[in-house]
Each structure stands twice: as C-alpha cells, then as structure tokens.
Amino acid sequence: GNTAQLNIEVAGDRVGLMPHFVAANEFIESADVSPDGKRVVFGARGELFSVPAEKGQIRNVSKTPASREIQVSWSPDGRWLTYMSDETGEYELYVTAQDGTGSPRRITSNGDTWRFPAVWSPDSKYLAFGDTNQTLQLVELDSGDITIVDRSTRNDIDDYSWSADSTIIAYVKNNEANVANIWAYSLKDKKSVQLTSSDTQDANPVFDPKGRYLYFVSSRDFNLTFSDRDDDRMYTNSERVYAGLLDPEAPALHRPKSDEVSVQETSDNNKDKTDNDKESDDPVYQFVPAGFERRVTAVNSDGGNYGNLAASDKGVFYLSRTNNGASLHFFDLESEEEKTVLSGINGFELADKGEKILFSSNGNWGIAKAEADQDASKGHLDLSGMQLRIDPAVEWRQMYTDLWRIVRDWFYEPGMHGNDWGAIRDKYE
C-alpha cells in the first residue's frame, strides 16, 4: 500500500557518438603536388592523404584522430611533407616521409600563436613562415635553429617566397602608411632591404628559377571610373604583373627586336675551341638590390585583378579574376605573349619541376600540363577513396581546444581584456 517515486533512465543508442566513416574529400583545406606531378597531398578533415594522379592507392599519411594536421606542402626534392599539427597542444611544424613510412619529426617547439603556411627553400633545407605576432621566421630542418627574418608593425607577414639558390627570401611588409612593399632578406648577410617603392601597393613576389627576375603584382594603373548616379569615383583594374631584374646584366623584357643576318663561323674559328671554352647555356646572375625599382617592367599589358603567381624557366603563371570567374594565364618569355592555360578554375599549384599543374575547379581537383590551352573538365583526380573513420567524441575535444586557440591567436587585444584564457578553457573542457 506504499507509493514510491521511480527513477527511470532510458538509454538511447547515441548514434551521434558512434564511430563512422566520412568522405574526407569534402573537407579539403590545403593541397600540394609532388615535384614530378605523379601524386597530390591533401590536408582534409585534420588528416593527410596522398593521392595518385592516375594509378595506385590513396594513403592516409598521418592517422592521428586526436590531433589536426593542416597546411601541408611537398618538399622540392620530393622526399618530405611538411605540415602543422596540434599534437602537443600548440600548432608546431612537422616533417614526415612523403610515403608515410617512419615517424614524423617535430621541427619547432615554440608554438604560442597562429602560424601561416610554411614555404620550402628549393634545396629542401629550410622552411620560412609568418605568424600572427607579425613576425617572419625561417627554420633549418636539420638543426631546428630558428632565425627571425623581420617584424612588422602593421599587419602580418604572410606573403613570402625563396630564390632558386635558397639564399634570398622575398616578402611583403606593410609600412607605417599601411602600404605593402616588397622586401628581400639575405641568408648570407642576415640583412633585409626594401626593393619596391613606398608609393605602390605590391604583393605576391616569386623568383624566376634562373635568377633573372623577381615577379610580383602591383597596383600601378590609375583607371579612374566615375559613377553615373552620384558623385563617386573609384579606381578599377589597377593591377598588373611586373618583373624586376635581379641583376642589371639580366636580359630585360620587351626589348626592341631587329632581324639580323646570322653568320656561320668557319672551321678556322672553331678549331681551337675546347669544351672548357664553350659558354654556359645558363649564365649566373647576382642579386643586386640597389636600383631594383628602376629595373621593373610590366609583364602583361592589361590591368585587372591578378594573383597566385608561380614561375618556371619559361615564364610566369598567374590567375586573372573577373566577375565571370578565374582563369590561369602564362606569359611566355621567349615569344613575349600571354597565353591562357586553364579557364573556370578556383586555384592552382605549379609542381616544382614546372611541368605539371594541380588545379581546383568547382569542387574537383585535377592535374594538367603546364602548357597553353588545357581543359579544366579533364584530368580530374578520383577522390572517392578518401574515406576517413572518425570518432566524434575525439574530434569534438580537438575542435573545442582548436576554437579556443584560434580565438586566442586572432584576438585583437593580446591580454584578452584581462581574462584568464587558460582557465576559461579548463572550465568548459
């Protein structure tokens, strides 16, 4: 005859917590192509995947469900992949074998802020990277020694590249007027020098592999447009691609041409020549910073919206963006003509050997020859095998900490307005 309260618990299957497979190719955040164009590496859903261009299996190179791998890139010698991982609790630079064998090696140990993608030196011995402390650094892979290249007082330094001989880093730094200028740092002299004028807005410096030019984008055109509805003025299509001679003795672009008679040498003129007397096909040019701005020439003739420069021995590639989408163009140094390589793409990466291009187009990824008149509807990679088994509870913990870190690293006030940011993480973790 007694009444008692019943404590009833109904346990569900908690399907959302059950491990399951997802299509990792729907979560790609970074990509790079091997120097020979035979494989592509993707950073997707916090893992690294190596994908064949045609034949072979897709490999999960990292397999670290509790940490996140991002910003992956391939070394110029083809042996290594570098990436950022938060395995230690902070994002650090790692290097691992491109085929996934062996154990990854941590290169840095001072991660306390967000780092921008690392860029390999052509000799695969150094990595350069910027961070949200407005610092540009380089690290030597073998020793782990870090060198501070430069610091900015206005904006982050997130645009940088290496010379072909791995001795110079070109980068963009904003001046006190917040105008972006191109600078160069010499590893030999351990000094930086400003290359472009403080009066122009410059970006995206990339070196010619033969040491002749430094290509970059600059807003130097003043195409004034007036509104027909109000008293409004604007400058449009002000960018062009430019090339500056690294050495005053390097061959200038757009030189006047003249048809001349070729004279065949007689046998008497040639009989005393030996192999040691023959001129090299590849003259060596020196980097001469003084007077660089006076040696700058526009590469293409039309103003527009350009970016994503990449250089090969034969010329320079660049994206042209319009309201109708983006197209990849190539300026041929020999013919001095602009050619269209791919139309309707979102981005591209040039393989280090300069023969293949990785491109993305409307959610597809493909590889094309680094030549004119390629078709973006062909050469797509089969990414259906990029399947990843996830444990939601493990992912959620990483995501929580990652969000906490991102807010810290990108917050406009370094002191977090007096909040104990570590305690806030611990309170809700």
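Colleague: How many salt bridges does a search of the whole structure find?

Modeller: This is a predicted model, in which local features need pLDDT of at least 70 and side-chain atom pairs count only at pLDDT 80 or more, while totals for chains, interfaces and linings use all residues. Residues are numbered from 1 along each chain as its sequence is written, and side-chain values use heavy atoms, with hydrogens and water left out. A salt bridge is a side-chain nitrogen of Lys or Arg within 4 Å of a carboxyl oxygen of Asp or Glu. Searching the whole structure on that basis, the number of salt bridges is 15.

Colleague: How many residues apart in sequence are the parts that D86 and R405 tie together?

Modeller: D86 and R405 form a salt bridge, with the closest N and O atoms 2.6 Å apart. D86 lies in the loop between strand 7 (80-85) and strand 8 (92-97), and R405 lies in helix 2 (residues 392-410), so the parts tied together are separated in sequence by 319 residues. Helices (H or I, at least four residues) and strands (E, at least two) are DSSP runs, numbered from the N terminus.

Colleague: Are D86 and R405 buried or exposed?

Modeller: Buried means under 20% relative accessible area, exposed over 50%, and partly exposed in between (1.4 Å probe, protein chains only). By that criterion, both D86 and R405 are buried.

Colleague: With which residue does R220 form a salt bridge?

Modeller: R220 lies in the loop between strand 19 (213-219) and strand 20, and its partner in the loop between helix 1 (267-270) and strand 23 (296-298), so the pair ties together parts 73 residues apart in sequence. The closest N and O atoms are 2.7 Å apart.

Colleague: In the salt bridge of D332 and K339, which residue counts as partly exposed?

Modeller: The side chains of D332 and K339 meet at 3.3 Å, N to O. D332 is buried, because its relative accessible area is 13%. With 28% relative accessibility, the residue that counts as partly exposed is K339.

Colleague: What is the relative accessible area of R45?

Modeller: R45 has a positive phi of about 55° although it is not a glycine. R45 lies in the loop between strand 3 (39-44) and strand 4 (47-52). R45 is classed as partly exposed because its relative accessible area is 25%.
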